[in-house]
Amino acid sequence: MNFGIIKRTLGWILLFEGLFFTVPLITAAVYWEEEFFDIFVAMALCAACGGVCIVGKPKNQNIYAKEGFVIVALSWIVMSIFGALPFWFSRSIPSYIDALFETVSGFTTTGASIIPTGEALESMPKCLLIWRSFTHWVGGMGVLVFIMAFLPLSGARNMNLMKAESPGPSVGKLVPRVRQTAKILYLIYAGMTVIQFALLLFGEMTVFEAINTAFATAGTGGFGFKGDSMASFSSYTQIVITVFMLLFSVNFNSYFLLLRGRMKEAFNTEVRVFFAIVITAITLITLNLQLSEAYTYTTGEAIKHSAFSVATIISTTGFVTANFDLWPAFSKGILVLLMFIGACAGSTGGGVKVSRVVILYKGATHEMKKMLHSRQVTNVTIDKRVVDREVVQNTFAYLFAYILVFVLSFLLICIDVQDVVTNFTAVTATINNVGPGLGAVGPDGNFAFFSVGSKLVFIFDMLAGRLEIFPMLLLFSARTWKK
Amino acid sequence: MKIIIVGCGRVGQTLAEKLNDDGNEVTVIDMLAEKVKEVTDVCDVMGVIGNGATHTTLLEAGVDTADLFIAVTNSDELNLLCCILAKKEGRCQTIARIKNPEYSKETAYLKDEFGLAMVINPEYAAAEEIARVLRFPSAIKIEPFVKGKVELIKFKLPKECGLVGVSIKDMAMKLYGGVLVCTIERGGEAYIPNGDFVFEEKDVVSIIATAKNANEFFKKIDYKGNSIKDAMIAGGGTITHYLCEILENTGISLKVVEKDLKACEDFAARWEKVCVIHGSTRDKELLLEEGLAKAGAFVALSNSDEENILLSLFAKEMGGGKLVTKIKRTDYGNVISRLELDTMICPKNITSDIILRYVRATQNTMGSNIETLYNIIEDQVEATEFLIKENSPIIGVPLWQLPFKSNVLIASISRGNQVIVPRGSDVIQAGDAVVVVSKQMALRDVTDVLK
């Protein structure tokens, strides 16, 4: 294990986090809020610790796969530990574990909160609200990818960092250089964020609200700033958010291909399946809402609310316009299912990822074919390309590890809280980085009532979900640390 | 520059690595996923899996925007086809590796007909290099610069040589002025020496001089470097064929040992003057019987690196002739260099050097223009030849007034037919060809050597 390069990379992470603090710092200055000093202290701490870590260049600059996993897992943990400081210093969130939960939820773009919806949220200082949604934006595309885009980290093996941080079963480059690839991804990301911000300004949102919403949508996070999330905004604003939540859950490589005019490749199987799932889910939920007597939505409202809910859940954002916890069981069932599927690989969304679902489906049918004709030679193909057997195997391994983490977390939470639906959806919502679940953690609820132990489990789940399970598991494996 | 390389074999890998280090955007194509992965794992290049001769794969690799296309797969025909398709689709220049001797005779025709920028034959290039060494055996390596007017000669100082214990300053004054010492390798480290540097036994010295001056220099320092009359070659492969072709009329008599009877017969039919021996190169008695101990040179060109090294070690033990050893892999270069086997020939490095030279030469930048480029010491020191243009800032200033970086040496200035070994008072003029030796890699422009 190359500790030198790990320390140094973590140092850079902290320096960059110090830089990220300028966003809430400026907000605090603009709104003349006293939390300015708390943020400033956190920023100074980051800079000091980071500065100490980057002193001395390690001789061996190689980042092999092992170091890649460890660096990614550790940097997300370290970043969250420091990112929680402003909430804690300012006493806005008095308990440090709660502040950490909030920050991890931010960086992992989960959007699950321990702050009660309603009054309590609206009375939060503006600078801390901005910091919450900015952590979404930073975490969405990945911090290491950001650092790679702007810092000449030496060595050709940086791909190992990107592979470990980017969501999806297999990660490719857009252009020959890692750095260039990272830059292109961030440019697309920032560009789309700005477009959404502009479109939101056309509606009734203030600049502060529009920035907040754009950050939280881009990262598919879902931290809001109003007691009722997005429910009180106009239809125009809600539609803009719906569209952008879906756009940010498409593989960013597709946008690159679109810009290059390679339409056919842009609309690949994953993107088509994703939109097919979205349209089917919206149709089913709309019908379900219309056909059951208990709901008084007009057809337009039903479509709008179901579209918003489907988008917010499948993109794993977590904004709310209607309390879907009160919807019929069939609709709720669909939404919970969508939580597991999640967004496309290579997007900012969470979940298992559509491409994995496709590989798992094709892998399973492939095995079934083999049972019928044991000597048949076939391959799993997507977009007329053979999927590497290794990728298929890895996907099944991922599924198992994912289920394992899920089941163990669920059992641990059940020791603490007595409601099975709440526990199940709380784990679902955190491990898939969605945010709201059903029951006590539904659109109206929050995560404050869980015990400290449960919160730590959720923190692990959120990080494991964002980093796709393996980096977090490897971090706690003795084999990783063996000399 | 955007460069596409088809074929991730040894040459393709080396090229990808070096071109990437030079700051180019490299994309590699190969049909085998694991070959592509081998390259993308160690260097920052994009990999595309597929047949480089299909339109779809080429488009996926971005041939429409590429500047240079290099085909170095194992098949000559595939390489040509790739280049033709790439040329059709994009505006890129194309380089193809052609190794079949039947085609390589028609390189000029192929180049013209298919609009190739360059046809490269690694085996032929290796044979040329071996021939150069055999003709000038004192040297480990000889590279021609400024269209052959100046040579860069690398040799090792023996014990009983007039140079041992002499400083460079004294050498320049007492012995001969027409020679410039560029680099010295001592114990794995490379130095660009200043005047106070004192030569030691076993130093590997690189000098720049005209061929005539170099000959005189070697005479003066008592360097025993007899011309070679006969050479024994182990292995009768493609390189051996080319070597026979190049050395046919030079008066060096050749003896080839090859274990395959069919190959021997082919060889004997084609090269009447060459003595072809049918037998295993591992047969120690056979080699001794055929006069290994007395041969002026021993060239190990079998297919296996290990065998070549072992044979050369044996030849070194038995006789005092010049040794040339071909190796395919350079990963363990530092270990092999400790064996002290005179000249090592590595076809993939020769090929990639030639292509690299071409790539840098095409990257014309302000003020000057790279003509040729050589690795004097693998990955440590390079010699670069620049053609100075009229607007270059270094024109008209005496060299001692220019703020050179450390570890940089102006090794020669060529003006018309005149070759100058530069002193502090010399002035560079427009149109000069200047050779710069530097430890700093990837020089693009002559101004890169200034602070």
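## Helix α18 of chain A

Helix α18 (residues 329-341) of chain A has 13 residues, which at 1.5 Å a residue should span 18 Å; its end C-alpha atoms lie 19 Å apart, in agreement. The expected span is 1.5 Å times one less than the number of residues, and helices are DSSP runs (H or I, at least four residues) numbered from the N terminus. Just after α18(A), Gly342(A) has a positive phi of about 75°.

Buried residues of α18(A) include Ile334(A), Leu335(A), Leu338(A) and Lys332(A) (buried: 20 or more other C-beta atoms within 10 Å of the residue's own, with C-beta atoms placed from the backbone). Their cover includes α16 (269-291), α17 (299-314), α19 (354-372) and α21 (420-431) of chain A.

## Model and numbering

This is a predicted model; local features need pLDDT of at least 70 and side-chain atom pairs pLDDT 80 or more, while totals for chains, interfaces and linings use all residues. Residues are numbered from 1 along each chain as its sequence is written, and chains are lettered from A and ligands numbered from 1 in the order in which they are written.

## Packing of α11 and α14

In chain A, helix α11 (residues 178-202) packs on helix α14 (residues 252-259) at about 90°, with axes 10 Å apart (axes are lines fitted to C-alpha atoms over the stretch in contact, and angles run from 0 to 180 degrees between N-to-C directions). The two helices, α11(A) and α14(A), are therefore roughly perpendicular (65 to 115 degrees).

Ile184(A), Leu185(A), Ile188(A) and Tyr189(A) of α11(A) meet Phe252(A), Tyr255(A) and Phe256(A) of α14(A) (contact: C-beta atoms, placed from the backbone, within 7 Å).

Terms used
Parallel < 35°, antiparallel > 145°, perpendicular 65-115°, else oblique. Contact = placed C-beta atoms within 7 Å. Buried ≥ 20, exposed ≤ 12 C-beta atoms within 10 Å, placed from the backbone.
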